[in-house]
Amino acid sequence: MTAPVRIHVASGRPYDVVIGTGLAHEIAPMLGTGVQRVAIVHQSALAAAGEAIRKELAGHGYEAHLLEVPDAEQSKTAEVAARCWSALGGWGFTRSDAVVGVGGGATTDLAGFVAATWLRGVRVVQVPTTLLGMVDAAVGGKTGINTAEGKNLVGAFHEPAGVVCDLATLHTLPAADYVSGLAEVVKCGFIADRVILDLIESDPGAARTPEGGRTLELVERSIRIKAAVVADDLTETSATGGGGIGREVLNYGHTFAHALERAEHYRWRHGAAVSVGLVYVAELARRAGRLDEHTARRHRDVLESLGLPTSYSGADWPTLLAGMRLDKKARGDLLRFVVLDGLAKPGLLEGPDADLLLAAYDSVTP
Ligand SMILES: NC(=O)c1ccc[n+]([C@@H]2O[C@H](COP(=O)([O-])OP(=O)(O)OC[C@H]3O[C@@H](n4cnc5c(N)ncnc54)[C@H](O)[C@@H]3O)[C@@H](O)[C@H]2O)c1
Ligand SMILES: O=C(O)C(=O)C[C@@H](O)[C@H](O)[C@H](O)COP(=O)(O)O
Ligand SMILES: [Zn+2]
């Protein structure tokens with residue numbers, strides 16, 4: 001068995017992300033000292049994985065409780081968070097107790113939010129079971145839930161005490177969910193690591209499945225990018241503080257994506273929405289004279305080669321524009337986009353003209 005890869009996230013409260021297989025034993029040491037009770041927040045589809053972790057932790061002497069939440073985006077609501085708070089209260093969770101999040105990004109976002117808010121913050125160890133959770137959601141401490149008005153509108157920055165990525169879990173993941181995670185991997189390629197794009201383009205078929213032999217390298221490269229960004233700017237304040245683009249870079253493609261997700265009532269996978277959002281913003285940057293034609297086209301090509309969507313024909317433009325106005329990068333009436341000035345050269349585009357925004361939308365409608 002090969003040794004797991006460890007990526008250190010050198011933030012204010014440093015932690016490790018461990019990548020490998022058969023890693024349940026890594027969770028207990030990450031909980032740290034003084035923990036008595038642990039709540040394992042898992043989505044319904046991950047009941048067996050949750051139970052295996054409960055047994056493992058009980059074997060270490062913890063009072064370990066299973067806390068099942070609804071599948072996928074249905075768990076990211078105030079009602080579900082309130083149910084979790086009630087469960088923690090009922091079990092007598094104190095500040096020295098901890099949460100373990102087991103599932104896709106929706107579950108780790110919720111589990112992180114519950115941990116961030118219970119008693120104003122208890123420890124959380126994240127155990128992502130989707131590609132998207134591993135390369136993005138479980139790392140970096142962005143936690144949150146949705147509201148009727150939009151995506152991730154309530155949340156907190158609350159770093160995990162550790163992240164355990166067991167690649168074996170990916171073999172049961174539906175193909176469409178694996179591919180959805182690749183959209184965030186491609187995002188990392190465009191903002192910071194051209195090798196990711198080369199790896200995918202050299203054999204998209206291999207990149208599309210966990211059996212293709214590319215998973216470990218793509219996961220590791222994506223996490224290294226995210227780890228470096230969040231270590232520098234955990235709370236996404238660099239760009240507004242004059243210190244460069246900071247954490248906002250990780251939001252590349254998300255302005256349009258979140259508006260799409262909201263318009264579709266979260267029936268679209270996050271990664272699929274990000275895929276269209278990446279093409280949208282590449283087109284926006286090209287039309288604004290920031291991005292060259294070849295790199296803009298490359299977005300569409302690489303995403304399509306993976307089977308990801310690059311067009312959208314649901315909601316009308318005013319609905320999407322209204323959704324984009326609630327993006328967290330917006331400031332008052334000013335829309336702000338992360339764009340590229342070339343491959344791996346991210347920057348900001350502030351207040352683009354209405355006709356540019358609409359023209360970019362036209363280019364992602366079939
Ligand atoms: N906090 C962040 O920084 C961050 C980053 C990116 C995305 N996100 C959030 O992550 C969410 C998307 O995450 P996701 O793509 O993982 O979706 P998800 O959590 O909805 O999971 C996708 C599906 O996969 C199933 N599943 C999970 N693991 C499985 C496994 N091992 N085997 C079989 N089925 C499994 C789930 O039951 C679900 O139906 C969105 O809410 C998005 O906003 C957050
Ligand atoms: O970690 C970040 O920062 C990101 O922006 C990563 C995104 O992939 C992720 O979808 C995030 O949840 C979006 O953040 P939001 O602040 O726009 O809700
Ligand atoms: Zn995302």
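Let's start with a definition: Ala, Val, Leu, Ile, Met, Phe, Trp, Tyr, Cys and Pro count as nonpolar, Asp, Glu, Lys and Arg as charged, and the others, Gly among them, as polar. This is a predicted model, where local features need pLDDT of at least 70, side-chain atom pairs count only at pLDDT 80 or more, and totals for chains, interfaces and linings use all residues. Residues are numbered from 1 along each chain as its sequence is written, while chains are lettered from A and ligands numbered from 1 in the order in which they are written.

Ligand 2 next. Its shell splits into five charged, four polar and one nonpolar. The residues around ligand 2 are D136, G140, K142, N152, E184, R247, L250, N251, H254 and K328. Around means that the C-beta atom, placed from the backbone, lies within 6 Å of the ligand.

Why does ligand 2 lie between domain 1 and domain 2? Because domain 1 (5-172) and domain 2 (175-362) both give residues to the shell. Those bounds come from an automatic or database domain assignment.

Now the domains themselves. Their C-alpha centres lie 25 Å apart. In contact across the boundary are 29 residues of domain 1 and 29 residues of domain 2. Contact means C-beta atoms, placed from the backbone, within 7 Å.

Which elements give two or more residues to the domain 1 side? Strand 1 (5-9), strand 2 (15-20), helix 5 (131-137) and strand 8 (150-157). Helices (H or I, at least four residues) and strands (E, at least two) are DSSP runs, numbered from the N terminus. Helix 5 gives the most to that side, five residues. By class, the domain 1 side that touches domain 2 has 16 nonpolar, eight polar and five charged residues.

Technical notes:
Contact = placed C-beta atoms within 7 Å.
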